[in-house]
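The following note sets out, in numbered points, what may be read from the model shown below. Please keep the sequence and the structure in view while reading.

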Amino acid sequence: MKKSQRLLSMLISTALILTVAACNSKKDDTDKSEQQAEQKAEDNKGAEAAPAVEVEKTLFPKGTMTIYGYGNPQYLQYYYDDFLERHRDIAPEVEIKIVQAKNAQDAREKISMTYLSGALKDLPTCTYIDPVGLKDLANGDMILDMTDFLTPLLPKMVEGATVDGMVDGKMYGLPESVRPQLLFYNKSIFDEYGIDPSQMTTIEKWIEVGRELKEKSGGKTYLSYIDPGKNAWRYYGRRGLMPQANGRIWDDEGKVVMGTDPGTKKAMETLDTLMKEDLLFKSTIFEPPLYDACRKHQVATFYIGAFWDEFLRKNVPEMAGEWRVMNAPVFEKEQQGGAPVTGYFVILNNPDDPYTELAKMLWEDFTFNTEQRTKWVKRVDSENGPYANPISLEMLDDAFWKEPSDYYGGQSFRTAEAQGLQNPSKNLPVTAQDAEADVIISAELEAYVAGNQTMEEALQNMQKNLEGKIGQSEVK
């Protein structure tokens, strides 16, 4: 297609040059005029052939490109539809449809089951996925290797964007976002009780603040919250305290060390302190009771990923001006910030799918088209919808990504999100067994949060069940 476009450009340029020459020629030079007329006719033939080139550009057949998404993917539909309108020359009758999955695990399971059934026609073209699910799909040869496509683009992206999307040295994940662990805090609560929030730079001091809040509020205000379900491990474990404390599930040989590793014990004992001292408000995440607790000033902080911004803005918009953001607190000894959370866009390994190349184009446009990305963010932001900082270095330098936010009292959340990526801890290594391991660990932590076992018992049971049901991970 590029060769055809170059040919067309050459033909049109030649036509223009020769037309100008014909206008400036002497009228009495009959032979020359005839030659020019003949040449112009030939050039016009080339110009008339242009529609045939346009037909060649129609690469993608009529149909629907399906994408699995979770969270609030409906906002991405705005970008998808606009992308198609800007590319009707190559996809005149293509639609993009988002199929809502419950979460990354649900998307992975749906894809795996479809593959096993052999119904490749029912597969999506691509899906959003987390590193654990990506590893599982890659090991099953269900997604495409993007190494050749991504390699020349690496200098244009934030450092480490593709790391968690790699398996056996190959890049499978097209990075969609790289978001830090942050500490959201309600400034009005700290003002009310005369507590300086800037002291919450370490986890130890953060806990001290929780004790002070509990005392001064008469037990009304909690330091933070905890989900009594599977998200306790997801947000306090895998994404939170474990990386910051250098905790491990497996050792370097793949043996289970969940019950013996010093870093893991430190992370889990920190959570145990928060629970024993009743510093965490129990509530399912993303549900009305937690938002009501925010309104009633029962929850002072959220030690959580940057994505929490979208849920605050969407669900408690009346609290605009109360909330602020700072880097996640660090352990005094380890002195490393929160581990970044990378979301990925992966393309399914389906040779019968006609939209594989269109999916690559969509991702590249979303990632590097500053004008269109800014336009989309403004629309989503006006609806208090979710969006992440870009991974494009050029885009991050744009003034738009440093603008102040009224919701955060004039603080620039976008700048705070970028600063939160400084001094990160490393994410837990993801093995082919981690999807199953997460289920085992989460079940024991849920029993702990419910009060059915101590943290020591939970760790012992994690160790025993991981050894019994998995045995050893394939560390590479």
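1. Helices (H or I, at least four residues) and strands (E, at least two) are DSSP runs, numbered from the N terminus. By this rule the protein has 19 helices and twelve strands. Residues are numbered from 1 along each chain as its sequence is written, and side-chain values use heavy atoms, with hydrogens and water left out. The model is predicted: local features need pLDDT of at least 70 and side-chain atom pairs count only at pLDDT 80 or more, whereas totals for chains, interfaces and linings use all residues.

2. The protein has 476 residues, of which 53% count as buried. Buried means under 20% relative accessible area, exposed over 50%, and partly exposed in between (1.4 Å probe, protein chains only). Contact means heavy atoms within 4.5 Å. Among contacts between residues at least 6 apart in sequence, 77% join residues at least 24 apart.

3. Five strands form an open sheet of mixed pairing, in the order β2-β1-β3-β12-β6. Two strands pair if DSSP finds at least two bridges between them. Strands β2 (94-100) and β6 (174-179) stand at the edges with a single partner strand each, so one side of each has no neighbour in the sheet. From one strand to the next, the twist averages 15°. Angles run from 0 to 180 degrees between N-to-C directions, and axes are lines fitted to C-alpha atoms, for helices over the stretch in contact.

4. The pairings may be followed across the sheet. Strand β1 (residues 63-69) and strand β3 (residues 126-129) run parallel and are joined by two bridges; tyrosine 68 has threonine 127 in β3 as its bridge partner. Strands β3 and β12 run antiparallel, with four bridges, and threonine 127 stands opposite valine 346 in β12. Five bridges join β6 to β12, also antiparallel, and here valine 178 stands opposite threonine 342 in β12.

5. Is β12 mostly covered or left open? Seven of its seven residues are buried. In a regular strand the side chains alternate between the two faces of the sheet. In β12, Val341, Gly343, Phe345 and Ile347 lie on one side and Thr342, Tyr344 and Val346 on the other, and all are buried. Helix α14 (residues 356-368) lies across β1, β2, β3, β6 and β12 (341-347), running at about 150° to β12.

6. Arginine 108, in helix α5 (residues 104-117), counts as buried because its relative accessibility is 12%. Leaving aside residues up to four places away in sequence, arginine 108 touches Ile129, Gly133, Asp136, Leu137 and Ala435. Glutamate 192, in helix α8 (residues 187-193), has a relative accessible area of 48% and is therefore partly exposed. Glutamate 192 and lysine 216 are 24 residues apart in sequence, and their C-alpha atoms are 9.7 Å apart in space.

7. The second largest pocket is lined by 40 residues; Val163, Asp164, Asn427, Leu428 and Pro429 lie nearest its centre. A pocket is found on a 1 Å grid over the protein atoms alone, as an open set of points where a 1.4 Å probe fits, with protein on both sides within 12 Å along at least five of seven lines; lining residues have an atom within 4 Å of a point. Helix α6 gives the most to this lining, with four residues.
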